Amino acid sequence: MAAAAGGLSWRRVSSFTGPVPRSRHGHRAVAIRELVIIFGGGNEGIADELHVYNTVTNQWFLPAVRGDIPPGCAAHGFVCDGTRILVFGGMVEYGRYSNDLYELQASRWLWKKVKPQAPSTGSPPCPRLGHSFSLYGNKCYLFGGLANESEDSNNNVPRYLNDFYELELQHGSGVVGWSIPVTKGILPSPRESHTAIIYCRKDLGSPKMYIFGGMCGCRLNDLWELDIETMTWSRPETKGTVPLPRSLHTANVIGNKMYVFGGWVPQSAGGEISAHDGEWKCTGSFSYLNLDTTEWIGLISDCQEDKSNLLPGPRAGHCAVAVGTRLYIWSGRDGYRKAWNNQVCCKDLWYLDTEKPPAPSQVQLIRATTNSFQVKWDEVPTVEGYLLQLQADSPMPPAAGIPGTGVPETSVLSPQGSGSSLHQSPQSLPSVPYPEMKVDHPSQTNNVIPNNVQVSLSSNSLLKVEGKEKVAAPENNITHETMKNHADATGFKESNAPSLLPACTSGPQTSANVGELHDLDKQTVNPDASVSSTVSSTQTMVTQQAVKTESSSTNGAVVKDETSLTTFNSKSEAAETAYVMPSTRVSSGQTNDSHSSKTPQRPPVKARDRQWYDVGIFKNNSAVVSQFYLLPEETLNISNKMESADVPDYRLLKKQDLFPGTVYRFRVAAINGCGVGPFSKISEFKTCIPGFPGAPSTVKITKSVDCIHLSWEPPASPSGNILEYSAYLAIRSTQLQENPSQLVFMRIYCGLKTSCIVTAAQLSNAHVDYSSRPAIVFRISAKNERGYGPATQVRWLQGKVSVRR
């Protein structure tokens with residue numbers, strides 16, 4: 001369910017799996033990539049479990065923690081630095097507070113009690129609760145809180161604090177010690193249950209800490225700013241309506257906004273706010289402070305609170321955490337209860353998308369047939385679906401008769417195979433840095449989402465990795481790249497080098513793919529595995545020449561001796577000619593081709609007349625595309641600006657099958673609660689022409705002292721007898737120096753065997769491709785009576801493998 005709030009849409013999460021934590025207040029939460037980690041708080045007793053919620057799989061789990069496990073605590077400090085979490089202070093039982101510091105290494109779920117050095121100019125922080133604990137760089141900043149003046153925990157004598165400490169962290173693990181910074185300006189007044197965030201403007205680059213609200217006998221709504229570079233406190237002037245005084249609220253920074261939700265606020269009577277000793281209530285009000293302009297903007301006011309379950313209900317002592325641009329809120333104390341022992345806590349989890357999602361990566365080709373593509377793109381965090389569109393070289397007819405009744409079309413996809421997924425126990429976070437960590441979940445079919453149906457992201461994610469070779473990440477192991485075609489619709493030239501756009505196959509399982517291998521003794525590329533992908537940002541055209549002189553260069557091809565070389569000439573869509581032919585003969589200077597294609601020829605299309613057509617809306621980041629939706633005739637003259645257009649009702653649109661041997665361009669946009677985001681860069685692929693062989697598969701590289709052994713499996717769909725294979729190596733060239741996007745290939749093998757030796761001399765001339773990770777690039781293609789089919793490209797990783805941040 002969802003409801004609009006100031007143009008934003010709240011959604012309540014349902015259908016959890018796993019052990020859901022009991023409702024509570026006074027707990028804290030942080031996010032590590034897609035995981036929300038919750039600790040402490042309580043209702044009937046203080047909780048000491050560590051709970052983790054996976055926002056992608058909608059699953060709760062209890063990791064098996066070990067080490068110096070801290071006691072349960074509430075109203076504590078809780079910050080995240082990479083994959084380690086620091087916990088400071090809090091209430092461990094009624095009237096008894098802590099000043100202990102614990103560190104959790106989330107990559108191993110290992111707790112450790114740490115003992116920082118005392119400050120050189122004073123005492124370490126005293127035991128407290130309700131303080132703020134904020135991280136910036138390698139330092140944590142502690143401010144305020146509530147201490148107990150009495151040594152007897154049963155005799156609680158509250159003392160509000162406004163002391164300020166700095167905790168220096170060691171890199172990776174451990175801490176150095178506390179210090180008491182010398183500050184300028186007037187310190188904020190003592191308080192507890194306030195919020196503190198740190199924000200650094202992109203244009204100014206000076207980090208600021210902002211403290212808002214809190215409790216000191218009465219609730220506060222003052223805003224304080226600390227310039228961390230100069231250690232100067234000030235009271236910034238604000239515009240807009242300041243939120244009501246409050247405590248036990250939350251504040252989170254997303255972009256340049258500080259979002260403030262809930263808390264205790266004064267009970268108003270007849271529009272008048274009660275005095276300090278009057279009644280107080282929990283609120284569900286929601287606002288943000290623009291940190292660049294210091295203007296308050298109200299999104300949900302107290303009068304908008306309702307009991308319809310369309311908005312998060314009033315609460316205090318809840319937790320809120322940002323995952324990307326999405327804000328999650330969980331549990332907290334519900335409403336006002338005079339009887340302390342009659343507290344009621346919320347049991348609900350909500351999220352809010354605060355802005356449209358970013359553009360996904362380019363669409364990447366996994367497999368092509370004569371009338372379909374299997375494509376994928378990198379996942380975008382916290383989205384509910386993806387809008388996939390295509391553009392064809394031939395004009396598509398408008399839908400003449402739009403059916404008004406009938407069964408809704410819910411899918412244009414074939415079920416996905418099981419692929420090669422990693423099913424691991426959710427007991428450990430990856431020990432490698434979190435960026436780049438992702439695993440496909442290929443066991444689910446990719447259904448097109450009908451209109452007016454809530455979309456939910458349901459792909460799985462990896463929670464445990466034992467070794468780097470098991471990680472399926474955008475830059476790890478197997479990578480499918482853009483596949484381009486050097487063939488034409490009228491036939492193949494005998495000496496053509498392999499291309500990467502599938503142009504020919506007779507079976508649905510033929511693969512044309514790009515693999516990536518580590519520099520290990522033996523690795524295998526499995527083209528049918530479910531793998532991550534990358535796509536070149538430029539469109540490519542293949543030309544090939546075979547001439548005798550090293551200095552000659554024809555049609556962009558760099559040549560050497562009599563060896564066949566292939567060059568990839570980048571051309572952007574903006575630089576396309578006025579007319580785009582769906583199939584173009586590639587000149588190779590040879591005329592002994594006796595084959596011709598039966599593919600029907602269609603007229604050229606002006607680039608400006610092309611239309612974008614919806615393939616559909618998909619839950620997951622992959623699709624098998626065999627059809628697309630035709631636009632109604634009356635919309636064909638409307639400019640193609642899907643970024644601002646509503647998604648049509650697909651039940652009212654006719655569908656068109658893909659044509660063989662046709663170039664299609666793809667783009668994809670992510671969808672969340674704020675709408676459809678910007679589209680990705682455009683990718684271009686061609687459907688296969690019947691009769692040509694598929695791509696070789698299962699490439700293996702075995703390393704020896706002075707050479708490597710390259711082997712492969714025959715195409716799954718040879719479409720006749722295989723006459724020969726050709727293997728190519730990307731080599732260094734002067735043209736590469738001038739245009740690094742142009743790869744130049746030299747043929748290193750031609751024959752019937754499914755293996756070859758690559759000598760040290762050949763490898764010494766190899767080009768190392770740094771477009772992603774350093775790698776030597778090979779290509780292998782098969783030839784039958786019709787000619788050469790698409791190539792399998794392998795990136796053999798060189799040197800030490802590391803995960804990029």
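**Reading strands, cores and cysteines in a predicted model**

Colleague: Which strand does β32 pair with, and in what sense?

Modeller: β32 pairs with β33 in the antiparallel sense, over four bridges, and the two strands form a hairpin with four residues between them.

Colleague: How should I think about nonpolar residues in a core, and which residues touch the most other members of the largest one here?

Modeller: As a general idea, nonpolar side chains in soluble globular proteins tend to be buried together. In this structure the largest nonpolar core has 27 residues, and Phe373, Val375, Leu388, Leu390, Val625 and Phe666 touch the most other members. At least two residues of this core come from each of β32 (364–368), β33 (373–376), β34 (385–392), β43 (613–618), β44 (622–625) and β47 (663–672). A second, separate core holds 24 residues, including Tyr725, Ile731, Tyr749 and Val758.

Colleague: What is valine 625 in contact with, once its neighbours within four places in sequence are left aside?

Modeller: Valine 625 is then in contact with Asn371, Ser372, Phe373, Val375, Leu388, Leu390, Val615, Leu658 and Phe666. For the protein chain as a whole, residues 24 or more positions apart account for 68% of the contacts with a separation of 6 or more.

Colleague: Is isoleucine 46 buried, partly exposed or exposed?

Modeller: Isoleucine 46, which lies in strand β5 (residues 45–46), has a relative accessibility of 29% and therefore counts as partly exposed, since that class lies between the cut-offs of 20% and 50%. Leaving aside neighbours within four places in sequence, its contacts include Arg22, Gly72, Met91 and Glu93. Isoleucine 46 and glutamate 93 are 47 residues apart in sequence, yet their C-alpha atoms are 7.3 Å apart in space.

Colleague: How many disulfides does a search of the whole structure find, and is cysteine 707 buried or exposed?

Modeller: The search finds zero disulfides. Cysteine 707 is buried because its relative accessible area of 18% falls under the 20% cut-off, and cysteine 319 is also buried, at 4%.

Colleague: How many helices and strands does the protein chain have, and what percentage of its residues count as buried?

Modeller: The protein chain has two helices and 57 strands, and 56% of its 805 residues count as buried. The chain exposes about 32800 Å², of which carbon and sulfur atoms supply 50%.

Notes
Residues are numbered from 1 along each chain as its sequence is written. This is a predicted model: local features need pLDDT of at least 70, side-chain atom pairs count only at pLDDT 80 or more; totals for chains, interfaces and linings use all residues. Side-chain values use heavy atoms; hydrogens and water are left out. Buried means under 20% relative accessible area, exposed over 50%, partly exposed in between (1.4 Å probe, protein chains only). Contact means heavy atoms within 4.5 Å. Accessible areas come from the Shrake-Rupley method with a 1.4 Å probe; for residues, only the protein chains shown count as cover. A nonpolar core is a set of buried Ala, Val, Leu, Ile, Met, Phe, Trp, Tyr and Cys residues joined through side-chain atoms within 4.5 Å. A disulfide is a pair of cysteine sulfur atoms within 2.5 Å. Two strands pair if DSSP finds at least two bridges between them.
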